[in-house]
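Reader: I have a model open on my screen and would like to learn how to read it. Could you walk me through it?

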Amino acid sequence: MNSMTGLETRTAEGDVINGDRRQDRRYELQLDVKWKLIRRRRVLDSGTGQTIDMSSGGILFDAGRNLPEGLNVELSITWPVLLHNVAPMQLVASGRIIRSGGRKVAIQTVQHEFRTVGVPAEQRMPLTANTGRMPPVLASPAMFAMLAK
């Protein structure tokens, strides 16, 4: 059975255990990804690809080529939802490559966070005349300083 799917496991005695035995639920999401292969804080290689499935503990993605097991990788994944319907977001995840077969690469995530992506000026201040609503307030250092008082 394909080791990348995790659908068949053998015990020490050679018995076969069928089914997905991962602890975290996997979600099939095909999202654009930019990856960086990292060793000792240096970027060795980079590329683009697409996620295949994701969970809170790992990500399987198509890297476009084979990547070596055991190295660290950072993924920047285009997220399909806008923050406050304005700001594009990305999920940045880092981890270690635990399996690689052909173009498919599986990582065990050690850290992840959502980040906003730059918003073009024309989208920051939408015209209020057409909507009758106030434009959304974007967080800024001045805004945080005001809230801290």
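Author: Gladly! Keep in mind that this is a predicted model.

Reader: Which strands are joined by 8 bridges, and how do they run?

Author: Strand 3, residues 32-39, and strand 4, residues 42-54, are joined that way, and they run antiparallel.

Reader: What do the strands build, and in which order do they come?

Author: They make a closed barrel of 6 strands, with the order 3-4-5-8-7-6 and antiparallel pairing. From one strand to the next, the twist averages 45 degrees.

Reader: Now the charged side chains. How many salt bridges does the structure hold?

Author: There are 5 salt bridges. The idea is to look for a side-chain nitrogen of Lys or Arg within 4 Å of a carboxyl oxygen of Asp or Glu. Take E74 and K36: their closest N and O atoms are 3.8 Å apart, and they form a salt bridge.

Reader: Which residue does R65 meet in a salt bridge?

Author: R65 meets D45, with 2.7 Å from N to O. R65 sits in the loop between strand 5 (58-62) and strand 6, while D45 is in strand 4, so the pair ties together parts 20 residues apart in sequence. The relative accessible area of R65 is 36%, which makes R65 partly exposed. D45 also counts as partly exposed, at 27% relative accessibility.

Reader: And what is the partner of R103?

Author: That is D62: the two form a salt bridge in which the closest N and O atoms are 3.1 Å apart. You will find R103 in the loop between strand 7 (89-101) and strand 8 (104-116), and D62 in strand 5, so here the parts tied together are 41 residues apart in sequence.

Reader: How accessible are R103 and D62?

Author: R103 is partly exposed, at 47% relative accessibility. D62 is partly exposed too, with a relative accessible area of 21%.

Conventions:
Residues numbered from 1 in each chain as written. Predicted model: local features only at pLDDT ≥ 70, side-chain atom pairs only at ≥ 80, totals over all residues. Heavy atoms only, no water. Pairing = 2+ DSSP bridges. Helix = DSSP H or I, 4+ residues; strand = E, 2+ residues; numbered from the N terminus. Axes fitted to C-alpha atoms, helices over the stretch in contact; angles between N-to-C directions. Buried < 20%, exposed > 50% of the residue type's maximum accessible area, 1.4 Å probe, protein only.
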